[in-house]
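Hi everyone, thanks for coming. Please have a look at the sequence and the model while I get started.

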Amino acid sequence: MNGRNNWYRLDNAAKIIPASVSGADTRVFRLVCELNEEVDPHVLQQALDRALEAFPYMNCCLRKGIFWYYMDELDHGAVVHEEYTRALKSLYVPGRRNLLYRVVYRKNRIMLEMFHVLADGTGGFMFFSAIITEYLVQKHGLDRSLVAGEGFGPSVDELRDDAFSRFYEKEKKKKRNYLKEMFPTTAYHLKGTYDENMDAHLIEGTSSVRRILDICHAHHVTLGVFVTSVWIESILRQMKRSEYDHPVVVSVPVNLRQFFPSETSRNFFGVINVSYDPASYDGTLESILPVIGEEFRKMLLPENVQQTMNSYSALEHNLAIKPVPLALKDLTVRGIKYMMDRGVTTSVSNVGKVDIPEPLHPYIHKFCSFMACKTVFLCISTFEDCIVFGVVSAFEEHTTEKFFFRRLTELGADVEIASNDYYA
């Protein structure tokens, strides 16, 4: 390491995360690379150490200040080890100077788990791709210049840039009351028996990208609209008619790098909520698709994307909240988070196509991603012709997942299912 003791402010999305950790919602996400061979742990450790030269910001612990949390850079990185605990276990322990990520392996799988204050899914995959690239270069003696040159693209400063602060735009016209908007109408809430140990249940459904896209094209919708609509239908199929007075609301993270020129590996995402009235469902997917398509279209208009990004600055730029001590801020954030959760049924995150150098593709089977949650969370990852639907559930029953994968099969997709419920 460089021997310096750097510290960093939390980005605006990360500021609310430490106070919102609760039970099964550890705010940890998991990225997986399944190789076509067994993992060599010695080479993996060397690969991680080299990748950290480009991502020193990852070697941080979380500390409490008087008014805000902050990141304190440590002088060591993670030690790679074989996975021996359940997935998505908590990484943040208040008061402890521990790393906020772990790299583990199992047979032919490499896993990166990360506390959400460090990065979002896109930023996490940037770091993970650097690790996988270096691993395969060293393992197979590949020509480094053909896969990544002498670095991993953006500079260290670009990777740790706080893009929220850089692109925040103070509104000159009528100011929106973002805090008021955080108290939405109550949505339908999924029901089930919570795991008594608060362990995360992971289900992994793998299908063909080409086949899924063919189905999307047949319905004249994008992948995001299609999957969100099928997920909503899977929830509707388990609802009672007496529960139709509450909308099904899906929280959808949006990668803001698509709208603003940034190569940061830190958090830079917004969240849109798409809503569907169960009374509009006539038993067909066609009654859902146009509604969700229009919701996506409206929410992703440039002016709405800017407002979504600005909303993450609401706490930082609120003059009444700025001087409040951290302990009171935490109580406020927990209250806001509780009210926001009332307005959301579930979440769907399309991480998208994993960016990895072409010469490495023959060594990799697939990538997948998972996010800890209080109820059920669906992540979508694609690599070559593999699309993986990674579902995390805090429930012992898997009703939504069952309906979802059955529906994909009915629509013509072949889906291979795996679950950590059956790990030895």
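I'll talk about the sheet, then the cysteines, then the aromatic rings.

A quick word on sources: this is a predicted model, where local features need pLDDT of at least 70 and side-chain atom pairs count only at pLDDT 80 or more, while totals for chains, interfaces and linings use all residues. Residues are numbered from 1 along each chain as its sequence is written, and side-chain values use heavy atoms, with hydrogens and water left out.

Let's begin with the sheet. Helices (H or I, at least four residues) and strands (E, at least two) are DSSP runs, numbered from the N terminus. Two strands pair if DSSP finds at least two bridges between them. Here, seven strands make an open sheet in the order 10-9-11-13-14-8-15, with mixed pairing. Strand 10 (269-276) and strand 15 (416-419) are at the edges with a single partner strand each, so one side of each has no neighbour in the sheet.

Further in, strand 9 (residues 248-255) pairs with strand 11 in the parallel sense, over two bridges. Val250 has Thr346 of strand 11 as its bridge partner.

Now find Ser347, in strand 11 (residues 346-353). Is Ser347 buried or exposed? Ser347 is buried, with a relative accessible area of 13%; buried means under 20%, exposed over 50%, and partly exposed in between, using a 1.4 Å probe and protein chains only. Leaving aside residues up to four places away in sequence, Ser347 touches Trp231, Val250, Ser251, Val376, Phe377 and Leu378, where contact means heavy atoms within 4.5 Å.

On to the cysteines. How many disulfides does a search of the whole structure find? The search finds zero, a disulfide being a pair of cysteine sulfur atoms within 2.5 Å. For Cys379, the nearest cysteine sulfur belongs to Cys373, 9.0 Å away. Cys379 is buried at 4% relative accessibility, and Cys216 is buried at 1%.

Finally, the rings. Rings of Phe, Tyr and Trp (its six-membered ring) pair if their centres lie within 6.5 Å; planes under 30 degrees apart are stacked, over 60 edge-to-face, and the rest tilted. The whole structure has 14 aromatic pairs. One of them is Phe55 with Phe127, a tilted pair at 5.2 Å centre to centre and 50° between the planes. These two are 72 residues apart, so to speak from distant parts of the chain, and both are buried. Ring pairs also link Phe125, Phe128, Phe367 and Phe383 into a cluster.
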